[in-house]
Amino acid sequence: MTSYSKEVIRDLAAGQLPWPQTRRIMSAYKDDDRFFKMVAVYQDRVAWKDPILLPVSDHLFICQSGDERITRCECGHSFGDYRKNWKLNAAINVRNTEQSLREIYPNSDLPDPEWMEIREFICPQCGTLHEVEAAAPGYPIVHDFEPDLEGFYREWLGKPL
Amino acid sequence: MLDKPASALRLRERLLDSERLMEETGCYDGITELSLRNQDPLKFETLHTKLRAYCVSAREMARRISASPGVREVGEMVVAIYTPEGDAIALSNGIMVHVHTMSRFIKWMIKNNYEENPRIREGDIFANNDAFIGTVQVPDVMDVVPIFHEGTLVGWAGAVCHELEAGGITPGGDVCLAQERFTEGLFVCAEKIGENDEIRRDYVIRCERNLRMPIYWVLDEKAKVASCIDMRESVKQLISEIGLDYWMKVSKEFIEEGRRAQLARTRQLTVPGIYRGHTFYGHVTAGKPGFQLLGDPDWLYNIPIEMEITTDGKITMDFEGTQPWGYHSMNCTPAGMDGGMFVTLTQHMNFEGLVNDGAWMATELKLPHGTWTNPDNEMVATATSWALLLPAYGVFQRLLSRSFIARGFVEEAFVGQVNSPMIEMGGESQYGTPFGMAHFECAAAGSGALAIKDGLDTAYVGWNPESDMGNIEVWEQSMPMVYIGRSIVPNSGGAGKYRGGCSFVSTWLINKTSHLRLHTSEHSSRVFDNGGMCGGYPAPTCQKHRAVRNSNIHELAARGEPLAHAPGIDPLVSDYEKNIGGDHVVVEGPYITSPHKEGDIFSHSYNGGGGYGDVLERDPIKTAWDVENGFLTREAADSVFGIVLRDDEDGYPTADIDATVTRRAAMRKERLAKAIPVADWIATERGRVEKADFAPEVKKMYASAIKLSSRFTKDFSDFWNVDARSIFTPGAKP
């Protein structure tokens, strides 16, 4: 069975593994112990103690916080119950003028702000930009991911939550 | 286990029987146990690999027969071997999107009693390019031949090439001006085009008299038929070695194994749950010559996708809430939607090569009737269906990537594909002859970023995993234009910790012709048709065209003065305007104007992919390299990424790490100062929603989605706490 050390997985997640080694990992049979190893890598990265149950973005994790399961930023900020859309508890910056769009696209043709805006969802504590939506004005905010956490642990990982 | 010998049933009955068995057992053709694999796994795997080798070898041989640079240079071809019922057993590399569309074509013939009339006999050749029967768009012409063994139909061999010219209202293959089926070009609707391994002369004559550049189509037909015969003879030889009964069983076990492998791969790589995403596409044609006012000329399309992964490993994609079909060429049939799903799965989950129709069977598409994904009118045009299909499956790639990240397989996360804008052309060639073709250098766009590195620069398109832009000299042989530039477009990848791959732009001098029609398609206007992930931005994909008519380039060259070889980095004043005299034009949306002539200049940019992660985490040293090599501008490094660059003694940019840390801390602070709580934004924005204070095309988009989807209506109403129906469709019956 394919398996890699925690150090290799840590460097892979950080984008610091040399490309030839990364390429071999991409081409090889997948390592079935990856999930818990990756969770351990993330757990080492965060300063808080709540056990990580599932990574959901580059710096967002679902974790067990007392009796609750919440979406937490790497900095520790809680976005609330993991079943709710974390974006609703974020800070937002909307780019809907040519001037504000030009800040991100200094040398390109721009979208028409009447047709499309860029929404930046930001951690109100550390300022990390967690997600960007490009949407028509008035389009509801998307709830990106509703994991079947119970089913995943019970049926695929064979471990209790 | 429902073992069956070579069936005596007629084909149609056999197909219906196979579908019934799948329905009853949940397994392909009722195969509940892989008995041959269990008996001798080595023999089983060897045979499967052998079939794959037959396909790869047949395709490579056939590409040498083709005259089309699309097939020869760019590899716009795929071949596959099918069961008698039309399910793919093995396939080659290439444009794998068509493996399942060909399956639909074969099944369509079976269900329409082709066994009775026009009969299916040894040596017959059938062709199709009708998307409602089974292809994506009119230039995707497919040929299949039956494989007989001692009088019994034991399978099919099939091949598809993307034709560079389809004889439509505008030249080229992706007929951008087609607004109904009747202007798309030459249709071959599940037609018997040959017998006794020979293409009928009357069919060739029809092609020669209805196409602008028949040499491409006709030689591609010969290439496809050659590949089919090659595969057929290989399969017949194989059957003589392993026996007919073994073949009939093993070929189906391969498919059931493929279905199980897909389910297992999903359970291995992903996390069950519901994933959502969306993208948009802008279509602007008001006032453009040639467009009939059959509907509104300008459209904004929303493409929302909900993907569900269940604990049994099944993936379902639901397009509810998207827009209706329209009088344009961007509609797609369910066959095309299947194809998009198949080609995405083969790249992201079934990359070991032994994939077949079993993978498709482990998935489900929900395509709402009446939308562009499943038109309720078979007269609609689908000639540029990739325009909406590519952004849609880019969303699928991002949804899958979210699941890979959640499972810990970060190296598989890939922000996905973007549209690959096409140029079609025709008129008088540099040789003084009529011509028409699509320029296929678009097969090398920038990819989306990965979760661990930047995207691929000028090396990816979703529809052809063997990305290749082709050599300049080969394209110049085929069209009356010479390159005066082909270069990286700086900042064309979406910004992020890892940027999207960059695209390139070509600039041509029109040469030795007095009549060159240039048309473009599959590029979005006014909106980006892709997205970033995890904080990455979309790539800037709503690009305009820049051209110069009656340029003074020959005079400039004679005087030895500098020319312009690319539009440059000032979006408001291009380098063409700065350096070249003539009539400068900037065109939004599809490029459809009066013909060009010798001395004119035309430029066309392709698309980069979306970014991944927060821009303030981007590696400053890599960014300095990007600036030095033209992938990013200094301006972007500073204002987007917060990276302070200084020149070394040789004038090369180097990152000032300390200054960058300080600048980024300030930018993060500024970011927080500008942002407001989402709840506050929703409260303010709700007022705008209640008043429907939007551009007409945005309002029309909402009204259309509400009319077609009760779920979209409910979601919209619930989110804003409004009655969406009364705002956008007042007076309409619920």
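In the predicted model, B:Phe602 lies in strand S19 (residues 601-605) of chain B; helices (H or I, at least four residues) and strands (E, at least two) are DSSP runs numbered from the N terminus. Leaving aside residues up to four places away in sequence, B:Phe602 touches B:Trp508, B:Ile510, B:Leu518, B:Ala547 and B:His596, contact being defined by C-beta atoms, placed from the backbone, that lie within 7 Å.

Between the chains, 59 residues of chain A are in contact with 75 residues of chain B. Strand S7 (residues 129-135) of chain A supplies the largest share of the chain A side, six residues. By class, this side has 33 nonpolar, 13 polar and 13 charged residues (Ala, Val, Leu, Ile, Met, Phe, Trp, Tyr, Cys and Pro count as nonpolar, Asp, Glu, Lys and Arg as charged, and the others, Gly among them, as polar). Strand S5 (residues 91-95) of chain A and strand S22 (residues 676-677) of chain B run antiparallel and are joined by two bridges; pairing requires at least two bridges found by DSSP. A:Ile92 stands opposite B:Ile676 in S22(B).

Residues are numbered from 1 along each chain as its sequence is written, and chains are lettered from A and ligands numbered from 1 in the order in which they are written. Local features need pLDDT of at least 70 and side-chain atom pairs count only at pLDDT 80 or more, whereas totals for chains, interfaces and linings use all residues.

Key:
Two residues are in contact if their C-beta atoms, placed from the backbone, lie within 7 Å.
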